Amino acid sequence: MGLAFLPLGLAFGALVTQSDLPWWWAGLSAALVFGGSFEFLLIGLVTAAAPLAAIALSAFLMNVRHVFYALSFPLHRVNGRLGKAYSTYALCDEAYALTTDGQARAWPGPRILWLQFFLHLYWAGGATVGALLGSLIPDGVVGLDFALTALFAVLALDAVRNLRGDLPTPALALLSALAARVLVPDRMLLVAFGLFTAGLLTRRLTTRRKPSHA
């Protein structure tokens, strides 16, 4: 996953320089914001001189999914206030996907922290290098902003494989996304997550076994 972060960070850094932003903006954004999907969006917001209120609202809508991640992220295994604070700050889609997999349920807190730290380092380092080398990329090269979408597609495929035949879950996720896209396209992400969570809770309540009275 760290190796996947390198070309992704390079693409982000190159996109920063192609947008006429200073090269150091890429590394600073990657280190402080550390929200890949929002950072790609932030480039357009900054270059368009969007109001701070619009940027804040966009950040909330893009990252509100972390509220749902927190429900099952193994933060309880991380020791100390400082460790928990950094683990919360460095929570990203890739860290969540890796630490909630079946094989990761026995990972201790230090391993989780080191995983998040190196993902953070790969992203910030790749973004900085990409910004420094961005001037070498011809202007005719397009599609750099699709790198993040491609990574999410790979993560989704791996998640479906790990479901081991649980077809209702990806089907529910797809239906939630389609419904949100049709009903409220401007708030698709937030509504899709809400519908998906409600669907999962409903399915759990309806399929939960009743306690036996022996």
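Me: What does contact mean here, and which residues is V16 in contact with, leaving aside its neighbours within four places in sequence?
Reply: Contact means heavy atoms within 4.5 Å. In this predicted model, V16 is in contact with L21, P22, W25, A26 and I43, once neighbours within four places in sequence are left aside.

Me: Which residues have the most contacts inside the largest nonpolar core?
Reply: A nonpolar core is built from buried residues joined through side-chain atoms. The largest one here has 32 residues, and F12, V16, W25, I43 and W123 have the most contacts inside it. Two or more residues come from each of helix 1 (2–18), helix 2 (24–32), helix 3 (36–47) and helix 8 (109–133). Helix 8 gives the largest share, 7 residues.

Me: Which residues of helix 1 are buried, and what follows the helix?
Reply: Buried means under 20% relative accessible area. In helix 1 that applies to G2, F5, L8, G9, A11, F12, G13, A14, L15, V16 and T17. After the helix comes D20, with a positive phi near 65°.

Me: Where is R77 found, and what does R77 touch?
Reply: R77 is in the loop between helix 5 (65–69) and helix 6 (81–89). Not counting residues up to four places away in sequence, R77 touches A104, R105, A106, W107, G109 and I112. A polar atom of the R77 side chain lies 2.9 Å from the backbone oxygen of W107.

Key:
Residues numbered from 1 in each chain as written. Predicted model: local features only at pLDDT ≥ 70, side-chain atom pairs only at ≥ 80, totals over all residues. Heavy atoms only, no water. Core = buried A, V, L, I, M, F, W, Y, C linked by side-chain atoms within 4.5 Å. Buried < 20%, exposed > 50% of the residue type's maximum accessible area, 1.4 Å probe, protein only. Helix = DSSP H or I, 4+ residues; strand = E, 2+ residues; numbered from the N terminus. Polar contact = N/O pair within 3.5 Å; in protein donor to acceptor, adjacent residues only side chain to side chain.
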